[in-house]
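Me: I am new to this structure and would like a close look at a single part. Please go through the surroundings of one ligand.

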Amino acid sequence: MVIFRSSLLSNTKSLIMDYRNMHFLRKNAYINGQWVNAQSNAVFPVLNPADDKVIAEIPDMDAADAKTAIAAATESFRTWKYTTAKDRAAMLRRWYDLCVKNQDHLAEIITAEAGKPLAEAKGEIVYGSSFLEFFADTARHINGEVIPSPWPNKQIMLTRQPLGVVSVITPWNFPFAMITRKVGALLAAGCTCVIKPAEDTPLTALAAAQLAEEAGFPKGIINVVTASRKNAPAVGKVLCEDPDVGCISFTGSTHVGKILYGMAAKGVKRVSLELGGNCPFIVFPSADINHAVEQAMMAKFRNNGQACVGANRFLIHADVFDAFVEAFKNKIIEKCIIGPGYKAGVTCGPLINIEQATKVKSLVEDARGRGAKVVIGGKPALEHGTKFYESTILTDVKPEMKIYGEEIFGPVAVCHKFNTEEEVLEIANSTRTGLGSYVFTKDLGQAFRMSQKLEFGMVAINDGVLSAAEPAFGGIKESGIGREGSKHGVEEYTDIKYTLFSALDK
Ligand SMILES: NC(=O)c1ccc[n+]([C@@H]2O[C@H](COP(=O)([O-])OP(=O)(O)OC[C@H]3O[C@@H](n4cnc5c(N)ncnc54)[C@H](O)[C@@H]3O)[C@@H](O)[C@H]2O)c1
Ligand SMILES: O=CCCC(=O)O
């Protein structure tokens, strides 16, 4: 029997629970308000990355199912776009309330399929739900403009129109928040959607859809098409190329983002792309080193290093390098407890799948083989299972090592030394990605210069966490197009319509 220790949320008792009793464990896809199988009846397994046990088998949908879902979203858009902002806001608010109320159940599903520790999974529900709350408020402020006209007896009006059906394609690392950040915004704007969640974590998306149904969203407004990695390209092609789709909103790797962008271009469709990062974490000598280390733990080990805004390159001034690395190592010894996410006290779960575990292992092996020094960790934690990896610090990393330029997406902190502000800017900016960046300094002038000169969509000064519903989240260069969160996150799903009222004196 597949087991799941649900009670460890409270860390007090150890009830053992069958996956079949997990709340909101839906095993069907969700199209036009119906819980359905694939038209082909194909299924694929969803595994717990901690132990490879099958949590559920769910529909392995293909292009035909994707078309059906788009048709449902298109039909529902006809009426949804005319609902009042007040009504949309109320529904979003109800969805938010239900997610918060059921956060423990939703967190169990995240831990089961994504592997992250229960406390962190719960944190994701709080974070992800905050987008629903924020966009419930924002829905009522999607204002237009009346602009002074250059002509007598004419009036210029700009209004915001919803884009229509949005294809939402999301990753596994934040299986709830990456959906609510998009879907909250697009629903507020008056759009409808077809969600294709990551094949590793579809159960969270289905649970969220069930709560949306309970919140009162009419059929067809939110649809969830589940598919294995094998079927993802076929489903993705329909979601990007169907003429009824108005926008493709994707979060995931830069590699896949470019493929989808190419397909979207054929139909001149709007895109919102939140792609990979290679975030620098810069520490100047004036920084409070203990504070920088505390924040480094968040920036590196959140979701065990599997975050797009995870610190990927630690750039530490030579004057404080040894002190920083020593304190970082000690903090890792104190805080990084490896194990399955449901176990009390665990802070670092498994990596999501064997591909990710193999990638991290080979990046570290390559670096070690070429002379990098392991300060702590440096190998798989096989005593816990095949996808666990030790929390690691590497120094003496050189540009010829693969790990130097790649997004690691795992619990490996690579620490480099620098000497001047100019040098660190050069190193930090020498990448084709530009998502998040972190700077630690007490020199206000330096903080401003770094904010201005770092070629990244987001700069955190003296902090290791950037994410919230209120700011505009997103990257430049190959890290993406568009912003999520904030009022700009809603504007992504609207077009500006210009209406000219003429002959007003007639
Ligand atoms: N910028 C951000 O906000 C952000 C947030 C989270 C993750 N990410 C990035 O995501 C990556 C990790 O996530 P991942 O491994 O799930 O990414 P991925 O690109 O492999 O997969 C993302 C989604 O795309 C789907 N997909 C894959 N190939 C497809 C195709 N040909 N057509 C249509 N869909 C396809 C997958 O099934 C999944 O749903 C990292 O690079 C990370 O930085 C970025
Ligand atoms: O993985 C990247 C997104 C995580 C976040 O929203 O902070």
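Which helix gives the largest share of the shell around ligand 1, and how many residues come from there?

Reply: Helix 7 gives the largest share of the shell around ligand 1, with three residues. This is a predicted model, in which local features need pLDDT of at least 70 and side-chain atom pairs count only at pLDDT 80 or more, while totals for chains, interfaces and linings use all residues. Residues are numbered from 1 along each chain as its sequence is written, chains are lettered from A and ligands numbered from 1 in the order in which they are written, and side-chain values use heavy atoms, with hydrogens and water left out.

Around ligand 1 there are 30 residues, and Thr170, Lys196, Glu199, Ser253 and Glu407 are the closest; a residue counts here if one of its heavy atoms lies within 4 Å of the ligand. The side chain of Glu407 has a polar atom 2.5 Å from an oxygen atom of ligand 1. For Ser253, a side-chain N or O atom is 2.6 Å from a ligand 1 oxygen. Gly252 takes part through a backbone N or O atom, 3.2 Å from an oxygen atom of ligand 1. Of the 830 Å² that ligand 1 exposes when taken alone, the protein buries 93%; these accessible areas come from the Shrake-Rupley method with a 1.4 Å probe.

Two or more residues of the shell come from each of helix 5 (177-189), helix 7 (232-241), strand 12 (245-251) and helix 8 (254-266). Helices (H or I, at least four residues) and strands (E, at least two) are DSSP runs, numbered from the N terminus.

How values were computed. A polar contact is a pair of N or O atoms within 3.5 Å; within protein, one must be able to donate a hydrogen and the other to accept it, and residues adjacent in sequence count only if both atoms are side-chain atoms.
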